[in-house]
Amino acid sequence: MGRTKWLDGLRGIAAAIVAFDHLFMSDVWHPFISFWTDPPEGNRHLVQLPPIRILFAAQGMVTLFMVISGYAISISLLKDRNSPQFLERVSSAIVRRVFRIYLPVLVTASLAQLLFFFNLFNWKFDEGFLANLPQPWTTPWAHIKYLLNFMADSINIIAFQYRGSLNGQLWTMPFEFRGSNVVYLLIIGLSAWRARSRLNMLPIIASFFLWYGNWDIFGFIWGLWLAERAIAASLALSENLNTEFDLAEYEDGANPLSTLSRSLGLCRGKHRYSGLKLRKCSTLSRIGIALTFITGYYLLCLGLDGHLPPGYQFLSVFQPARWKDNWDISHMCWKSIGSAMLVYAIGELPCLQRPLNTRPVQYLGKISFALYLLHETIYQLWRDPLRDLVYLTLSGNEYGSSSEALGTDPFSFHVAWWTTAVLLGAVVVCAAHYYTIYVDNRCVVLAKRVDLWFSS
């Protein structure tokens, strides 16, 4: 089994959606809530309805990252489970993972802290967050201590807590590291089990964490289960081909043409009837998988209303009691279910994989981590000045707040935002490209060297 390219493409699209959404999220909120949200005059936009609303499903994309990561970090280890180097490979993966995640994060957080120290950001940070942050142009040691404390909080996956960050998107890093370690633990712990036992038990374990509200752990374990399925299917296909070939030689030794006839669909009687049943089952299976994809896509379009809006209220019937009083948990759990269904369906239908294997989407996959890490820093530097300048040039008025700007001149408001999106989007992609080359890839190499140094 080679690298699962479509997963890279899916990760790239998810990272691009997150970067796109964060351009608007702190200032323009209507795309992120339901079409039916009150007041009506501030809503009822097409972008608030599926399928378009997937473009504004940033938190849904985070749950998608978890499933993708669970699959990606486990598939190569599972292929080597029966090799003598299995434990050595798992040990290497664990050591490299911490450097793989946190070295680029350290670079990104250090860059943001340096820019903040020199007071170069043009961004309205939360007042409560700023109260705990050293002020620009104060003692450098205070900024270094703040940065080190942030990294310590991010690495502590046993009792981590998010205190805010200059890079708000980095709240996911402890979840990414914790989920990775859960996957490694399960790979080792279940390595002696039969394949069928693992395939039966992993969904049960994942369901427990979903019921408990640990949506991130559910996503990682689901990704591991999908990888187990892929490995089992690959082995079964290989074994079945060998078995069928042997049986055909034994049963049809006296008449070799009968094997050829069956392979060409020229068989009669029982074999023809079995073939029709098989095609019927295959069609029903494809329909079921397509419905799974649509359902998963729909769940990922759930908004940030603080409650289940019309169109999603039926989900309350299925919600565990542990979720009902906590929107932060319940909406992420539903989106995790949507991500699980979406990745499963794409893995089963090649027609859904083809767009993800195209060169532009694969390129997004290649720079996806850098895209995710860098975009907020670039927005904090230039979004507001650029948007305000375009709005002032077109309308002759100061931008002020988004509601005032929209009410005063809707045309200039939309042109200002989309001009800013296009220009800064190009800057983000360009920065992510070089960040991948000069930071991300070198962090990967360094992680391998550190692991080699520890193990040799």
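M25, F32, R53, F56, A57, A58, Q59, L302, L304 and K335 form the lining of the second largest cavity. This is a predicted model, in which local features need pLDDT of at least 70, side-chain atom pairs count only at pLDDT 80 or more, and totals for chains, interfaces and linings use all residues. Residues are numbered from 1 along each chain as its sequence is written, and side-chain values use heavy atoms, with hydrogens and water left out.

User: What makes a space in this protein a cavity?

Analyst: On a 1 Å grid over the protein atoms alone, a cavity is a set of points where a 1.4 Å probe fits but cannot get out, and lining residues have an atom within 4 Å of a point. The structure holds two cavities of 30 Å³ or more.

User: How much space lies in the largest cavity, and which residues line the largest cavity?

Analyst: The largest cavity holds about 60 Å³. Its lining is made up of A109, A112, Q113, Y146, L147, F150, S165, L166 and N167.

User: And what is the volume of the second largest cavity?

Analyst: The second largest cavity has about 40 Å³.

User: Why is A416 called buried?

Analyst: Buried means under 20% relative accessible area (1.4 Å probe, protein chains only). A416 has a relative accessible area of 0%, so A416 counts as buried.

User: Which residues does A416 touch?

Analyst: Leaving out residues up to four places away in sequence, A416 touches R387, V390 and Y391; contact means heavy atoms within 4.5 Å.

Note on methods:
Buried < 20%, exposed > 50% of the residue type's maximum accessible area, 1.4 Å probe, protein only. 1 Å grid on protein atoms, 1.4 Å probe; cavity = no way out; pocket = protein on both sides within 12 Å on 5 of 7 lines; lining within 4 Å. Points joined across faces, edges and corners; volume = space filled by probe spheres on them.
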